[in-house]
Structure formats: structure tokens, C-alpha cells
Amino acid sequence: MAVRVFEGKAHAAAYLQYRITPDELISRIMSYMEKKTPNQFNLAVDVGCGSGQGTILLAPYFTKVVGTDVSPAQLQMALTNGCPPNVSYRESPAEELPFAPGEVDLVTAMAAAHWFDRKRFLLEADRVLRPGGCLALLSYTMDFELEYGGVSNTALNHICEEYYTALRPFRNPHIGTSSMKIYSDLFDSCPYPDKEWNECVRVKRILPLSGYIGLLETFSTYQALLQKDPAEAERLSNNIRNKLMSAMKVSSPDTEVTVVVKYFHWLAHKPRSH
């Protein structure tokens with residue numbers, strides 16, 4: 001059974017503002033496709049596209065890109081995000097994609113597949129992919145790291161871990177304790193023999209400290225705490241922000257830090273005779 005999250009307008013706006021785009025992984029996906037299926041880049045479908053940050057990264061490579069999501073609020077935000085002319089969006093569950101059999105060259109889901117009905121999604125991806133098409137799923141571990149000047153990374157990340165530990169009890173049961181295991185299970189369940197698993201691609205982005213906190217507040221765990229106890233959610237964010245500023249010896253939450261995101265992803269090539 002799929003789970004619907006990230007659907008409120010305020011959450012969708014924060015998602016667009018703070019989520020990090022996986023530019024480096026798009027390059028890896030396209031290199032894989034160029035090896036496996038050169039010169040067949042007609043239609044890419046980004047499933048669970050949210051506010052479209054990853055969707056638009058596919059635009060330079062494909063004749064047409066379609067982002068799908070179950071959330072009207074997320075799709076409304078996507079349309080405000082500098083939509084290229086060859087990108088469009090459709091409201092659709094991941095398990096019932098609005099495409100004909102064999103119509104799609106690339107199916108991808110970026111930090112979304114853990115919310116799907118995974119068995120049904122793999123069957124649906126197989127249905128819409130053309131023989132020789134590719135499937136690419138990517139996500140990241142929750143333990144983002146911080147770097148700042150000469151301050152000990154260990155000290156900063158010990159404070160970050162306090163945040164993650166406080167939020168862990170609010171993980172949705174559908175995603176269990178480990179997102180990576182979900183993607184590993186999906187990889188094992190994919191019937192295509194030509195597939196590859198890639199673990200821990202470190203992506204670095206410079207953000208204001210307030211942007212890092214804003215990013216964490218888009219997580220489903222924080223949103224669950226916010227629904228249950230808004231005052232406690234605000235107290236937790238403020239406490240972590242203040243501890244980080246103290247460790248960094250700065251007075252402004254706009255001070256820039258380096259955020260390290262650890263991505264993992266897998267890629268699969270549908271057999272031409274499938």
C-alpha cells in the first residue's frame with residue numbers, strides 16, 4: 001500500500017525552497033542511459049516528482065519530461081519552478097501511471113519510491129518502459145553532515161545527530177528504520193538482469209544554517225512531530241540551531257555551512273526481448 005505525505009501547501013512550499021537537487025546523480029543516470037540505450041531519449045517520467053526540482057534537471061536530455069505526483073499542492077509548486085517548455089506535470093499515483101505500454105524511455109523516482117506500493121510500482125514501471133528503457137531510483141540517508149571552517153566536524157555532527165535521534169520515533173511505519181534497505185529490496189526485486197547498485201555518493205551544497213534547518217523541517221519525521229506537538233517541534237529546531245551556532249561561534253543563522261548529503265541509487269536496463 002502506498003502512503004500519501006507532503007501534501008499540505010505550506011509543506012509543499014518548504015519542499016520547493018529547501019530540498020537539495022541531485023544534479024550529480026542526473027549525470028550518472030544519463031551516462032548509464034547513453035551506454036545502454038544511446039539516442040533514444042524521447043520521454044522521461046519522474047514519479048513522485050514533488051515540486052519538480054529533479055524533474056527539470058532531465059529537461060536538457062529528453063524531448064519530453066513528465067513529472068507525476070499524487071499531491072496537487074506539490075504539482076502547483078512545480079509549475080512555479082521555472083518550468084521548461086518540454087516539461088509537464090500530471091496528478092497520478094506511482095502505481096497507475098498515465099502512459100501506454102512501452103511508451104517511456106526512462107522511469108525515475110528521486111527520494112520518493114520508499115512511499116510507493118513497491119511491488120505494484122515495479123510492475124507499473126515495467127509496463128510503461130519500452131524494451132531497452134531504463135529505471136533509476138535514488139534517495140539518501142537521513143544523517144546529513146555539516147562542515148564549517150575550522151570547527152570540528154565531529155562536534156557539529158554530534159549536535160546534528162541529536163536532531164535525528166529526536167525525530168526517529170516519528171518515522172512512518174511504512175518506511176521502517178532504514179530507507180537504504182527499502183531500496184536494496186527494490187533492487188533485488190527488479191527482474192532485469194542488467195542492473196547496478198551505487199552506494200554513498202557524497203553531494204555537498206553550501207547553504208545558510210537556517211536553510212539546513214529548513215531542509216530538515218521538510219522531512220516527514222519533523223512534519224509528524226509538528227502535527228503532534230507544534231511547540232515541541234519549534235523548540236527542537238531552535239535548540240539545535242542555537243547549539244550549532246554556539247559550536248560555530250557565530251551569531252547569525254544566515255552563516256553559510258557545507259551540507260553533505262549521502263545519496264545511494266540503482267539503475268536497471270529493461271531487456272530488449274523482455
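Which helices are included in what covers the buried residues of α8? The cover includes α5 (153–167), α7 (209–216) and α9 (230–248). The model is predicted, so local features need pLDDT of at least 70 and side-chain atom pairs count only at pLDDT 80 or more, while totals for chains, interfaces and linings use all residues. Residues are numbered from 1 along each chain as its sequence is written, and side-chain values use heavy atoms, with hydrogens and water left out.

Helix α8 spans residues 220–228. Its buried residues (under 20% relative accessible area, 1.4 Å probe, protein chains only) are S220, T221, Y222 and L225. Helices are DSSP runs of H or I, at least four residues, numbered from the N terminus.

Helices α5 and α9 pack at an angle of about 170°. Their axes, lines fitted to C-alpha atoms over the stretch in contact, lie 9 Å apart. The two helices are therefore roughly antiparallel (over 145 degrees between N-to-C directions). Contact means heavy atoms within 4.5 Å. From α5, L156, I159, C160, E162, Y163, A166 and L167 take part. From α9, the contact is made by L236, S237, I240, K243, L244, A247 and M248. By class, this contact has eleven nonpolar, one polar and two charged residues. Ala, Val, Leu, Ile, Met, Phe, Trp, Tyr, Cys and Pro count as nonpolar, Asp, Glu, Lys and Arg as charged, and the others, Gly among them, as polar.

I26 sits in helix α2 (residues 23–36). Its relative accessibility is 2%, so I26 counts as buried. Leaving aside neighbours within four places in sequence, I26 contacts G54, L57, L58, Y61 and M110. I26 and P72 are 46 residues apart in sequence and 25 Å apart in space, C-alpha to C-alpha.

Technical notes
Buried < 20%, exposed > 50% of the residue type's maximum accessible area, 1.4 Å probe, protein only. Axes fitted to C-alpha atoms, helices over the stretch in contact; angles between N-to-C directions. Parallel < 35°, antiparallel > 145°, perpendicular 65-115°, else oblique.
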